[in-house]
Number of protein chains: 2
Amino acid sequence: MSQERPERKIKLDLALVHYPVCNKNGETIGSAVTNLDLHDIARASKTFGVDTLYIVTPFEEQRHFVEEILDHWLHGYGARYNINRKEALSLVQVCEDIQTLYALVTEKWRQRPTILATSAKSASGGWTYEMARQRIFAGDSFLILFGTGWGLTAEVLDDLDGLLPPINGRGDYNHLSVRSAAAVVLDRLTGRE
Amino acid sequence: MSQERPERKIKLDLALVHYPVCNKNGETIGSAVTNLDLHDIARASKTFGVDTLYIVTPFEEQRHFVEEILDHWLHGYGARYNINRKEALSLVQVCEDIQTLYALVTEKWRQRPTILATSAKSASGGWTYEMARQRIFAGDSFLILFGTGWGLTAEVLDDLDGLLPPINGRGDYNHLSVRSAAAVVLDRLTGRE
C-alpha cells in the first residue's frame with residue numbers, strides 16, 4: 001500500500017475492557033482479567049506495532065493481579081526465561097476506567113485519537129478496515145476497544161467515533177474469542193504478507 | 001475476489017499438532033492439549049468455514065481429555081448453556097498421529113489435499129496467502145498444520161507441500177500464540193471484510 005511507511009512509528013493503541021461489559025443475558029457486569037488474554041493480546045500487539053495495550057478494570061485486586069503478572073515477566077524469572085514475553089508484556093498498562101483511558105491516550109498523542117471498536121452486530125460511522133488502515137499509516141492516532149465477556153455495553157459503543165465491521169468469515173457464525181478477534185483486527189489494520 | 005463462491009463449501013481442514021513438536025531448546029516433545037486452544041481454534045474454524053479441526057496427539061489420556069470436553073459441549077450441560085460452542089466444537093475430531101491424519105483427509109476428499117503449515121522462519125514452495133486463497137476458492141482441498149509448543153519439527157515441515165509465509169506485522173517480532181496465528185491465517189485464507 002502506497003501510504004505505508006514501515007519505518008515510521010504508528011499511533012495505535014488497544015484497550016481490553018473488563019468493565020462495563022455485558023454478560024450472556026445482556027446485563028452490565030465486570031469480568032475477570034485472565035492471564036491468557038494478557039499474553040495473547042500483548043503478543044499480537046507487539047507483532048502488529050501497537051504502542052500500548054491498556055487493561056481496563058475498576059477492581060483493585062484485578063489490577064494488582066495484572067501488576068503481578070507483569071512483574072514476573074518484566075522483572076522476575078519470566079524475564080530471563082522468555083525474552084519474547086518480556087517484549088510483548090512491556091506494552092501493557094493498567095487503567096481504572098474508560099474515562100481515565102480516554103484521558104491517557106489524549107494526553108499521550110496531544111489530541112484525542114479516533115476511538116473505534118468492533119461489534120459482532122454491525123458497523124457504524126461508515127468505517128471499513130481499509131479506511132482505518134489508511135488513516136493509521138497516514139499518521140493519525142487510533143484507539144481500538146475490545147470488550148471481554150459478551151462485549152461492550154451499548155453505552156460505551158454509542159460514545160465512540162464508530163464501529164469497525166464484524167469479522168465475517170464464511171457464513172453467519174460470528175463468535176470469535178476476544179483473543180482471536182484482536183489478532184484478526186490488528187492484521188487487517190497493520191499486517192502485511 | 002472473482003473466484004470466491006460464498007455459497008459453495010470449501011475443502012479446508014486444520015490440524016493442531018501436539019506431537020511431534022519442538023520445545024524451547026529445539027528438542028522433540030509431545031505437548032499437552034489445552035482446553036482454550038480447542039475452544040479458540042474451533043470458534044475461528046467455524047467462523048472461517050473450516051470443515052474439520054483435527055486435534056493430533058498420540059497420548060491416550062490426552063485424547064480422552066478432548067473427548068470429555070467435546071462430550072460436555074456437544075451432549076452435556078454445555079450444549080444447552082451455549083449453542084455457539086456446540087456449533088464450533090462439532091468441527092473437532094481427535095486423531096492419533098500425522099500419518100493417520102493424512103490418511104483421513106485423503107480418504108475424505110478422495111485425493112490427498114495440499115498440505116501446508118506456517119513457519120515463523122520462512123516460506124517454501126513459493127506459497128503466498130493469496131495463492132492458497134485462490135486455490136481454496138477454486139475448489140482444491142487444503143490441510144493447514146499448526147504446531148503447539150515451539151512449533152512443528154523439521155521432519156514434519158520437510159514433508160509438506162510448502163510453507164506459508166510467517167505472519168509479519170510491523171517489525172521483526174514474530175511470536176504470536178498458536179490461537180492468534182490460526183485466526184490470522186484463516187482470515188487471510190477465507191475471510192472477507
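Biologist: Let me start with one residue: is Asp140(B) buried, exposed or partly exposed?

Modeller: Relative accessible area is what to read here: under 20% is buried, over 50% is exposed, and partly exposed is in between, with a 1.4 Å probe and protein chains only. Asp140(B) has a relative accessible area of 28%, so Asp140(B) is partly exposed. Before we go on, this is a predicted model, in which local features need pLDDT of at least 70 and side-chain atom pairs count only at pLDDT 80 or more, while totals for chains, interfaces and linings use all residues. Residues are numbered from 1 along each chain as its sequence is written, chains are lettered from A and ligands numbered from 1 in the order in which they are written, and side-chain values use heavy atoms, leaving out hydrogens and water.

Biologist: Thanks! Which residue forms a salt bridge with Asp140(B)?

Modeller: In general, a salt bridge is a side-chain nitrogen of Lys or Arg within 4 Å of a carboxyl oxygen of Asp or Glu. Here the partner of Asp140(B) is Arg135(B), with the closest N and O atoms 2.8 Å apart. Arg135(B) is partly exposed, at 34% relative accessibility.

Biologist: What does Thr114(B) touch?

Modeller: Contact means heavy atoms within 4.5 Å. Not counting residues up to four places away in sequence, Thr114(B) touches several residues, among them Arg135(B), Trp127(B) and Asp161(B). Thr114(B) lies in strand 6 (residues 114–118) of chain B; helices (H or I, at least four residues) and strands (E, at least two) are DSSP runs, numbered from the N terminus. With 12% relative accessibility, Thr114(B) counts as buried.

Biologist: Which residue meets Asp51(B) in a salt bridge?

Modeller: That is Lys108(B), at 2.7 Å from N to O. Asp51(B) sits in the loop between helix 1 (35–47) and strand 4 (53–56) of chain B and Lys108(B) in helix 5 (residues 98–109), 57 residues apart.

Biologist: Now the interface: how many residues of chain A are in contact with chain B?

Modeller: 44 residues of chain A contact 44 residues of chain B. Buried area is the accessible area (1.4 Å probe) that two parts lose on being put together, summed over both. Between these chains it is about 3,900 Å², with 48% from carbon and sulfur atoms. Four salt bridges are counted between the chains. Asp187(B) forms a salt bridge with Arg188(A), at 2.6 Å between the closest N and O atoms. Helix 8 (178–190) is among the elements of chain A that give two or more residues to this side, and helix 8 gives the most, with seven residues.

Biologist: What rotation superposes chain A on chain B?

Modeller: Copies are superposed by least squares on the C-alpha atoms of residues with pLDDT of at least 70 in both. The rotation is 180 degrees, with 0.0 Å of shift along its axis and an RMSD of 0.0 Å. That is the relation of a two-fold axis. The same surface serves both copies, as 100% of the contact residues of chain A recur in chain B.
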